[in-house]
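Please read the following walk through a predicted model alongside its sequence and coordinates.

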Amino acid sequence: MSKKNTILSAILGFFILGLFYATGLNKKGVVSVLGLMVVSWVVANFVSVELSALVNVAGAYLGYRWASEHNAEIDGGTPA
């Protein structure tokens, strides 16, 4: 397994479907993408379109965090 680029993970995570890069196509990735898509849709349609951008920021954070955890597992250390 190779390390994942954390910056690329954050950028792709901003566009929620990019979280698959950070997690791989596994249960964690599928559940998080579907969950964020539902939350984004609900916020955009029933609250405010501007607030739905916060979901994208959360996706960017999750992408960065999960790629960092993946890299730490490869190095044999614990995530920061």
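A salt bridge here is a side-chain nitrogen of Lys or Arg within 4 Å of a carboxyl oxygen of Asp or Glu. By this rule the predicted model has 3 salt bridges. Which residues are linked in a network of salt bridges? The network consists of Lys-28, Arg-65 and Glu-69.

Glu-69 counts as buried, at 19% relative accessibility. Its two partners are partly exposed: Lys-28 has a relative accessibility of 40%, and Arg-65 has a relative accessible area of 39%.

Because Asp-75 lies in helix 4 and Lys-3 in the segment before helix 1, the pair ties together parts that are 72 residues apart in sequence. Asp-75 is exposed, with a relative accessible area of 52%.

The segment before helix 1 (6–14) also holds Lys-4. Lys-4 is buried but has no salt bridge; Glu-73, the nearest side chain of opposite charge, is 9.3 Å away. What lies 3.3 Å from a polar atom of the Lys-4 side chain? It is the backbone oxygen of Ala-22. Leaving aside residues up to four places away in sequence, Lys-4 touches Tyr-21, Ala-22, Thr-23, Gly-24, Ala-67, His-70 and Asn-71.

Next comes helix 1, whose N-terminal end is capped by Asn-5: a side-chain oxygen of Asn-5 lies 3.0 Å from the backbone nitrogen of Ile-7. Within helix 1, the buried residues are Thr-6, Ser-9 and Gly-13. Viewed down the helix axis, these buried residues fall within an arc of 55 degrees, so they line one face of helix 1. The elements that cover them include helix 2 (19–23) and helix 4 (53–75).

Notes. Residues numbered from 1 in each chain as written. Predicted model: local features only at pLDDT ≥ 70, side-chain atom pairs only at ≥ 80, totals over all residues. Heavy atoms only, no water. Helix = DSSP H or I, 4+ residues; strand = E, 2+ residues; numbered from the N terminus. Buried < 20%, exposed > 50% of the residue type's maximum accessible area, 1.4 Å probe, protein only. Lys, Arg positive; Asp, Glu negative; His and termini not counted. Polar contact = N/O pair within 3.5 Å; in protein donor to acceptor, adjacent residues only side chain to side chain. Contact = heavy atoms within 4.5 Å. Arc of directions from axis to C-beta.
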